[in-house]
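Dear colleague,

Please find the structure below.

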Amino acid sequence: MSNSTQEDRLKQVKSILVSQPKPSDDKSPYYVLANKYNIKIDFRPFIQVDPINVKDFRKQKVDILKHTAVIFTSRNAVDHFFRLCKELKVEVPADMKYFCISEQTANYLQKYIVVRKRKIFTGSRTAQDLIEILKKHKNEKYVFPCSNIRKEDIPVFLEENNYHFTEAIIYETVASDLSDLDDVLYDIIAFYSPSGINSLFVNFPEFKQNDTRIAVFGPTTAQAARDAGLIIDIEAPLPNAPSMTGALELYIKKANNLD
């Protein structure tokens, strides 16, 4: 996109739609942003998580007890893994090991197990961090509970390096019903995943971007937006703005002539 086109699209921002659930924390940076610049910010999850039922899980022929370790890349995976274990009356053995993508996910395990008594290995945030840990534990028999839509990096690494692992789809990520948003216009829509972009077009196949500015977080979301023919106006993370709210603030300052 040429600079002239970017300049043409640089219009005042009064409203933002964030395609995620409303933050429960009163100190969320989104609320700070809304108050600081007197902007309306609405939240609406563009995707929802549907559980896989026991009958469909059984069709995958995954025997959880034949594994020695579980790989968790999200809190949704934790919730649905233990939900299925309960419904299947499977008691997860005390010596099961847990490999978590982040400290946040590892801490979330406390909802289901006594963490201090278990073997938990934690990456610092990314799939690559977790892969570095998995390299030191090649002899485990891993089960990888995940969604029907998931990133390739971890299963591809396990497969290419001949790890013993089983992928188990335990929940589905599907487009939310957004039909009530049809006539609601926002200056900016912020997206965090390719699934969110997909949901926009599932709900509004005739969507025309016009003056709506599109904000994306992460390279896979940016690629999905470009593949869908959208113009990206705000791309996070930036070197000077590692978060979506930081990138939005930089844009708002420029668009609303607040520099």
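Helix 2 against helix 10

The crossing of helix 2 and helix 10 is right-handed. This is a predicted model, and what follows should be read as such. The two axes, of helix 2 (residues 29–37) and helix 10 (residues 244–255), come within 10 Å and cross at roughly 15 degrees. An angle under 35 degrees counts as roughly parallel, so helix 2 is roughly parallel to helix 10.

From helix 2, the contact is made by Pro29, Tyr30, Leu33, Lys36 and Tyr37. Helix 10 contributes Met244, Thr245, Leu248, Glu249, Ile252 and Lys253. By residue type, this contact divides into 7 nonpolar, 1 polar and 3 charged.

Helix 9 and its surroundings

Which residues of helix 9 are buried? In this helix (residues 219–227) they are Thr221, Ala222, Ala224 and Ala225. Viewed down the axis of helix 9, the buried residues fall within an arc of 160 degrees, so they line one face of the helix. Pro219 and Asp227 are exposed, and they sit on the face of helix 9 turned away from its buried side.

The cover over the buried residues of helix 9 includes strand 9 (188–191) and helix 8 (194–203), as well as strand 10 (213–217) and strand 11 (232–236). Gly229 follows helix 9 and has a positive phi, near 85 degrees.

Regards

Methods:
Residues are numbered from 1 along each chain as its sequence is written. This is a predicted model: local features need pLDDT of at least 70, side-chain atom pairs count only at pLDDT 80 or more; totals for chains, interfaces and linings use all residues. Side-chain values use heavy atoms; hydrogens and water are left out. Axes are lines fitted to C-alpha atoms, for helices over the stretch in contact, and angles run from 0 to 180 degrees between N-to-C directions. Helices (H or I, at least four residues) and strands (E, at least two) are DSSP runs, numbered from the N terminus. Angles under 35 degrees count as roughly parallel, over 145 as roughly antiparallel, 65 to 115 as roughly perpendicular and the rest as oblique. A crossing is left-handed if the near helix is turned anticlockwise from the far one by less than a right angle, and right-handed if clockwise. Contact means heavy atoms within 4.5 Å. Ala, Val, Leu, Ile, Met, Phe, Trp, Tyr, Cys and Pro count as nonpolar, Asp, Glu, Lys and Arg as charged, and the others, Gly among them, as polar. Buried means under 20% relative accessible area, exposed over 50%, partly exposed in between (1.4 Å probe, protein chains only). The arc is that of the directions from the helix axis to the C-beta atoms.
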